[in-house]
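Colleague: I'd like to learn how to read a strand in its surroundings. Where do we begin?

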Amino acid sequence: MKMFLKLAMALALVFSFAHAEAAELLNGAGATFPYPVYSAWAFDYNKVTGTRLNYQSIGSGGGIRQITERTVDFGASDAPLTPEQLGKDRLLQFPAVMGGVVPVVTIPGVKAGELKLDSNAVCNIYLGELKYWDDNRIKSLNPKVNLPHSGINVVHRSDGSGTTAIFTNYLSGVCPAWKNKVGAGTSVKWPVGIGGKGNEGVANYTKRTPNSIGYVEFAYAEQNKLSYTLLKNPAGNFVEPNFKTFEDAAATANFDPKKHFDLWLVNAPGKHAWPIAGATFILLAKEKTDSNKKVVKFFDWAFSNGDKKAKELVYVPLPKSLKDKIRAYWKANGI
Amino acid sequence: MPRTAKKNPVDNIFSLVTAAASFSVIILIIGILYVLVSESSLAIGRFGIWKFLSSTDWDPVKESFGALTNVYGTAFTTLLSLVIAIPVAIGIAIFVTEISPNFLKGPIGAAIELLAAIPSIIYGMWGLFTLSPIMSNHIEPFLKKIFGSVPLVGILFQGTPMGIDILTASVILSIMIIPFTASISRDSFNLTPSVVKESAYAIGATKWEVVKNVVIPYSKLGVFGGIVLSLGRALGETMAVAFVLGNNHRITTSLFDAAATITVTLANEFAEADTDIYLSSLFYLALVLFVMSFITLAIAKFFLLRAEKKYSR
Amino acid sequence: MTREQIRKTEGIIALTLSTLAAFLGLFWLVFILGDVLVHGIKALKLSLFLNDPAPPGVEGGGLRNAFVGQLLITVCATLIGVPVGVLGGTFLAEYARGRRIARLISVLSDIMVSVPSIVIGTFIYAVLVRPIGHFNGWAGAVALSIIMIPVVLRTTEDMLSLVPWTLREAAFALGAPYYKVITQVVYRGAATGILTGILLSIARVAGETAPLLFTSFNNSFFSVDMKQPVASLTVTIFQYAMGPYDNWHAQAWAAAFVITVFILLLTITGRLIIKWRYK
């Protein structure tokens, strides 16, 4: 017993020392959509400044919840909150980077970019009404692709997710049946399919399951070499998810600092616009001025130095004009 | 309590400290119950008790929540895993107590105990990477081919075998609970007085008849307690099933469908619920699980105590 | 077939099936451990223990933060759980021996041992995470200690009960107060047993994931500050195994290998001590 107490005291001592020399740590949590780029930025930022920015991808719903409860220094969400919601929870919001959500498929013999889908097909697949890959509604779009007569294994997100919010917003916009039955949100009541946790989980399940379809942030599709599909956009063109089509969608965006940049980028009218684009947002607690300054310092650094890294990971950096707007927004809110 | 020792001030303090430490168990149980009830009060107020338990809704957009899909998933996977585990566990117990040569008893007993010591996350991960592909490529198509068109039983084997489904989760759960059931059954079997067994042998019974007609009836209380204990364990298992269940909030009948258990829903959604009613509903689910497993475990304990009493007589 | 033959055949079938069942149990163990071993050793590198995680796509990351964090959380949980458990068990076996309250607490502890650990996680979130304002290592340690207390308490109670009553009486006869008898005579007699219980309870909590998910959370950097989120191996395994990157999977296997070996060694040590001391 005595020995135990001594051990306890010795350990307590060690911890108190270790504690004293702990360097600066910022905690963020939320969207999995930008996780690759945030963690890459944080990795570099740590090398430059020594500040550790711990970003955990737990889903946008989680980001909103945890910043609302003030358990983290910043939250991240792919779904912008409305000015009313922000006011109610005393939050600030700004976009950090843009990207696109892409449908990905694993069908034996079908390569990336081979399968063409329109909003009607995607919607009916996720409603559970289109059950087989060789259904006429898909076949007519893809006369040359050899589609198997096998059931479609639908994969979606199981957690509260901004990727889901962007995806369901897209579906609600183009498909009235979806809007009535399911609606849009960070997590919805899915009519069919299995749920993976995070973009990682969906990518993982889609990769492992034959004849499956899922939706992930484009960077995840690229890094995991998943086969993305082409989508028909509102202008009537089949477009491939890439920088150009994301930028085309972003070009139509008019972010308004007065509304805390609350804006969706789905179904953009651009001729070559990718229909499921979206920005991802950072949420700050209004009263936490100290930690906000440190978080903003990180994003200021990232805006100046992180564009190359973001592009490497297939995210669309914010245009310069928008970055200036955001910097002004920080100033206006006393950060 | 020794009456011989005189009361001494240090002794008083020490006895109070130990009393406080042991009462911490009661305080914790009451504390957990209190916190879960107060955190879920919002959801209890909105959905009531019966409506929450009987509703299949789990709709964060319309903010309507019910526990039934989760309870159903929990019950389905748990019962299925028991169906798989019980025969195997009892077989193991019979082997170790009655058949095995002495030199094998030790190693097999040790192996079973090691199986129980492997952390559940390892089971889950192994399930995802190793078992799930085996299930989806070999076992499930095979089952579907055999049973898929049999009337009645067929509905259990519909759909695409994906390997991320109720069956895979139940198989992993069953591997996890086999050690518990087996070791409790073994201990109960061992308690059968050898006089009784020997007299059965004396009148010409075969080994199996002794097991079937003497050992099992004699130890059924203990075995039953062990089974209920395993049930309680399986109810609360999280990580072993989180990887392979697919988190699907619907009532399904096929073993090849994804489902959601209370534990998996909590693991996936708890830190991520964005609205108050959503979080409160999750606490409510935790409360339901706590009550469910508490009652199950209490029943198990009741039977095990009765068995203990019977044997010690 | 005669009745005799039927009886014999039935017996042979039943006993063969039980033998098969036993080997099925062995088969699972070999299968799972073998799998963890093969994948784990392949991914085991020195850098795993020396480096902190790198972002996806950057080579050479490790899990130093998670190894240290796991150790830290487990040690802290032990520091809380063991004293409470041992003292609580002392009360049941000594001061309250034979009383109804001792019986009740003993039964409740047995139930608590199997209460779903994820429920304890939600409880701690409400008590130690939200009011404090952020995820923190202490919350994880307390959650684990709650799982530990009943285990240690019950083993201590059992082990103390095994110490012959006459031993205590001999000490009383010398005029020693009860607390001295307990700390100097009874504890000494039951030390190996209690130690075993502690080892096994550490083995039990070291592999827990569910109660850490929303308490100690995770941290992609090296941190030993228990007031902040602390990385743990188990939560990292969950994240990495569910993740899509091949090098994450490899690291998850390696982490699984390390934690399994650690826990099995603890368990085997515990069992060996029991065998050596009590048989």
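Modeller: With burial. A residue is buried if 20 or more other C-beta atoms lie within 10 Å of its own. Keep in mind that this is a predicted model.

Colleague: Which residues of strand β3 of chain A are buried on each side?

Modeller: First the general idea. In a regular strand the side chains alternate between the two faces of the sheet. Now the case: β3 of chain A covers residues 74–77. F74(A) and A76(A) are buried on one side, G75(A) and S77(A) on the other. Both faces are covered.

Colleague: Which strand runs parallel to β3(A)?

Modeller: For pairing, look at the bridges. Strand β1 of chain A, residues 25–30, runs parallel to β3(A), with three bridges joining them. Within β3(A), A76(A) is the bridge partner of G30(A).

Colleague: And how many bridges link β3(A) to β13 of chain A?

Modeller: Four, in the antiparallel sense; β13(A) spans residues 276–285. There, I282(A) stands opposite A76(A).

Colleague: Let's zoom out. What share of chain A is buried?

Modeller: Buried residues make up 54% of its 335 residues. The chain holds 14 helices and 13 strands. Its radius of gyration is 22 Å, close to the 20 Å from the globule rule, so chain A is as compact as a globular protein of that length.

Colleague: How many residues does each chain bring to the contact between A and B?

Modeller: Chain A brings 23 residues and chain B 19. On the chain B side, β1 (58–59) and α11 (262–269) each supply at least two. That side divides into nine nonpolar, six polar and four charged residues.

Methods
Residues numbered from 1 in each chain as written. Chains lettered and ligands numbered in written order. Predicted model: local features only at pLDDT ≥ 70, side-chain atom pairs only at ≥ 80, totals over all residues. Rg over C-alpha atoms; globule rule 2.2 N^0.38 Å. Buried ≥ 20, exposed ≤ 12 C-beta atoms within 10 Å, placed from the backbone. Contact = placed C-beta atoms within 7 Å. Nonpolar A, V, L, I, M, F, W, Y, C, P; charged D, E, K, R; others polar. Pairing = 2+ DSSP bridges.
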